[in-house]
Amino acid sequence: MSDTDTTDIAGTTGAPASPAAEEGQGLIAGTTAGTVSVEDLTEALMDVVDPELGIDVVNLGLIYGIHIDESDVATIDMTLTSAACPLTDVIEDQAKSATDGLVQDLRINWVWMPPWGPDKITDDGREQLRALGFNV
């Protein structure tokens with residue numbers, strides 16, 4: 001896989017991310033130059049749970065991109081449900097713990113554009129929220 005390929009959550013490699021990825025259709029744009037795949041890192045990040053909602057950050061659509069360099073240092077473009085969220089440290093600690101052993105280092109690039117919205121939640125995330133009593 002070249003460093004310009006992108007990978008969706010299901011593990012399909014292809015051209016750069018489509019607009020559907022930006023609209024929360026279950027795709028995470030990513031590049032892999034090292035030995036760890038975007039799919040493996042995405043799976044590990046499913047163990048990172050938003051403390052307020054109880055749903056993982058992948059299915060909430062909070063991960064906008066994953067980039068892994070040739071030294072297996074991962075940079076995640078990530079947002080939160082609110083820019084004023086006081087839990088960035090908690091989520092960052094969870095992400096580092098979840099990816100420990102997979103990558104040499106994990107860096108989170110907090111981004112606010114495009115802003116997160118419920119449209120970014122995956123179908124699985126919606127099912128999980130409904131099970132918790134949310135109307136989505």
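These legends walk through several close-up views of a predicted model. Residues are numbered from 1 along each chain as its sequence is written, and side-chain values use heavy atoms, with hydrogens and water left out. Because this is a predicted model, local features need pLDDT of at least 70 and side-chain atom pairs count only at pLDDT 80 or more, while totals for chains, interfaces and linings use all residues.

**View 1**
Helices (H or I, at least four residues) and strands (E, at least two) are DSSP runs, numbered from the N terminus. Starting at the N terminus, the elements follow the order β-β-α-β-α-β-β-α-β-α. Of the 136 residues in the protein, 44% are buried. Here "buried" means under 20% relative accessible area, "exposed" over 50%, and "partly exposed" in between (1.4 Å probe, protein chains only). Contact means heavy atoms within 4.5 Å. Among the contacts with a separation of 6 or more, 62% are between residues 24 or more positions apart.

**View 2. Strand β4 pairs with β3 and with β5.**
Two strands pair if DSSP finds at least two bridges between them. Strand β4 spans residues 63-68 and is mostly covered, with 5 of its 6 residues buried. Strand β3 (residues 29-32) runs parallel to β4, and 4 bridges join the two. Look for Thr 31, which stands opposite His 67 in β4. Strand β5 (residues 73-78) runs antiparallel to β4, joined to it by 5 bridges. In this pair, Gly 65 stands opposite Asp 77 in β5.

**View 3. A left-handed β-α-β unit is made by β3, helix α2 and β4.**
Helix α2 covers residues 38-45. The unit of β3, α2 and β4 is left-handed.

**View 4. Asp 72 sits in the hairpin turn of β4 and β5.**
The hairpin has 4 residues between its strands. Asp 72, in the loop between β4 and β5, has a positive phi of about 60° although it is not a glycine. Is Asp 72 buried or exposed? At 10% relative accessibility, Asp 72 counts as buried.

**View 5. Thr 99 lies in helix α3.**
Helix α3 covers residues 88-99. Thr 99 is buried, because its relative accessibility is 1%. A polar atom of its side chain lies 2.8 Å from the backbone oxygen of Ala 95. Leaving aside neighbours within four places in sequence, Thr 99 is in contact with Leu 41, Ala 44, Leu 45 and Leu 106.

**View 6. Arg 107 and Asp 105 form a salt bridge.**
A salt bridge is a side-chain nitrogen of Lys or Arg within 4 Å of a carboxyl oxygen of Asp or Glu. The structure holds 1 salt bridge, and the N to O distance between Arg 107 and Asp 105 is 3.5 Å. Side chains of opposite charge can pair when their charged atoms come close. Arg 107 is partly exposed, with a relative accessible area of 45%. Asp 105 is also partly exposed, at 31% relative accessibility.

**View 7. A cis peptide bond joins Met 113 and Pro 114.**
The omega angle of this bond is about -5°. Pro 114 belongs to the loop between β6 (105-110) and α4.

**View 8. Helix α4 has buried residues and, on the other side, exposed residues.**
In α4 (residues 123-131), Gly 125, Arg 126 and Leu 129 are buried. They lie on the same side of α4, because they cover an arc of only 100° around the axis, taken from the directions from the helix axis to the C-beta atoms. On the other side of α4, Asp 123, Glu 127 and Ala 131 are exposed. Just after α4, Gly 133 takes a positive phi of about 100°.

**View 9. Arg 126 in helix α4 is a buried residue.**
At 18% relative accessibility, Arg 126 counts as buried. Leaving aside neighbours within four places in sequence, Arg 126 is in contact with Pro 118, Asp 119, Ile 121 and Val 136. Arg 126 and Leu 60 are 66 residues apart in sequence and 8.2 Å apart in space, C-alpha to C-alpha.

Terms used:
Polar contact = N/O pair within 3.5 Å; in protein donor to acceptor, adjacent residues only side chain to side chain. Right-handed = clockwise from strand over helix to strand, strands pointing away.
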